[in-house]
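Subject: Structure handover

Hello,

The structure is below, followed by notes on what was found in it. Please look through the side-chain contacts before you set anything up.

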Amino acid sequence: TKGLAFTPSARYCFQDITMQRVTAFRHLLLQSRRWASSASVASAGATASKTTAGHYALLAVPAITFGLGTWQVFRKQQKENLIVQMENKLKKSAIPLPNELRDLDNMEYERVSVTGTFLHDQEMQVAPRTITREVFTNMGDLPEAGAQVITPFRRADNGEVILVNRGFVPDSHRDAATRQAGQVAGTTTVEGIVRKGERKTAFVPDNKPDTNTWHWIDVFGMASARNAQPVLIDAVPESTPECGLPLGGQTRITIRNEHLQYIVTWYSLSVITLVMWLTLRNRKPTPVLRRPPPIVTRRA
């Protein structure tokens, strides 16, 4: 055969079907583009909202760390003022010990003097304690175990009994018989630092007043055991007897001032997290390519 011959009516019918299919294909293509565009816009909006929330949440970190650093600046100033105040108290000349107990409430670490007599037969020892002494070796300071001697002291002005921390004695001289030269007799004047005692920690054993066993300086407990006023002074080094025991000057004032390193730490974290926030904020989002839905054609 030479070929297929179409009648005019058949040719027009074929062209009409072809045009319908082309029109349907164009309509589906346009519709798929609209769907893809709307999906991309919705996805971008959701991503933008999530990114904004995440950015603001991360911004809270540098703000909080900056606030903590600023708070440490104020704390450092307060601690330095406290240290200066303590040093000024210790540099003052000794004043007579007041008779009224309420006058001692704000006098801790101030230097006072009092005249009276030691009651050595009522001596108390707080142990174990250590002292660091300078030795002429390449080992530096060596700790020495012993105890601190707390002796009741009867005042000459009003007859009241107070407590005096005379200082440190090593274990080899805890027995008063081994340091008789240091048992000052008669009326004497003692200079010392007003103290309020110590606080018991979890790892320190309880005191046993019945057996005269003391592990921490409990001013009220000791005063009650010796029928004395709850007043304690630490003897200064100048009050040490000629024999050297008990060794006065055992007041240790150690105020930690580590706020500078806290300031550096918090401000550094603030700067680092702020740089991270700016980096994420200025980063351009990665475009997401989406496939259009498949086009389905129907056969006539």
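Tyr267 is partly exposed, at 26% relative accessibility (buried is under 20% relative accessible area, exposed over 50%, partly exposed in between, with a 1.4 Å probe and protein chains only). This is a predicted model, in which local features need pLDDT of at least 70 and side-chain atom pairs count only at pLDDT 80 or more, while totals for chains, interfaces and linings use all residues. Residues are numbered from 1 along each chain as its sequence is written, and side-chain values use heavy atoms, with hydrogens and water left out.

Aromatic pairs

There are two aromatic pairs in the structure (ring centres of Phe, Tyr and Trp, the last by its six-membered ring, within 6.5 Å; planes under 30 degrees apart are stacked, over 60 edge-to-face, the rest tilted). Phe66 and Tyr267 make a tilted pair, 5.4 Å centre to centre with 40° between the planes. Phe66 is in helix α1 (residues 8-91) and Tyr267 in helix α3, 201 residues apart (helices, H or I of at least four residues, and strands, E of at least two, are DSSP runs numbered from the N terminus). Phe66 is partly exposed at 47% relative accessibility.

Phe118 and Phe153 pair edge-to-face, at 4.8 Å centre to centre and 70° between the planes. The pair links strand β2 (residues 111-118) to strand β4 (residues 141-155). Phe118 is buried at 9%, and Phe153 is buried at 0%. The charged end of Arg166 sits over the ring of Phe118, 4.8 Å from its centre (the criterion is NZ of Lys or CZ of Arg within 6 Å of the ring centre and within 35 degrees of the ring normal).

Salt bridges

The whole structure holds 10 salt bridges (a side-chain nitrogen of Lys or Arg within 4 Å of a carboxyl oxygen of Asp or Glu). One of them joins Arg111 and Glu238 at 3.2 Å, N to O. Arg111 lies in strand β2 and Glu238 in the loop between β7 and α3, so this bridge ties together parts 127 residues apart in sequence. Arg111 is buried at 19%, whereas Glu238 is exposed at 59%.

Glu198 bridges to Arg129, with the closest N and O atoms 2.8 Å apart. Arg155 forms a salt bridge with Asp157, also with closest N and O atoms 2.8 Å apart, and Arg155 is buried at 3%.

Regards
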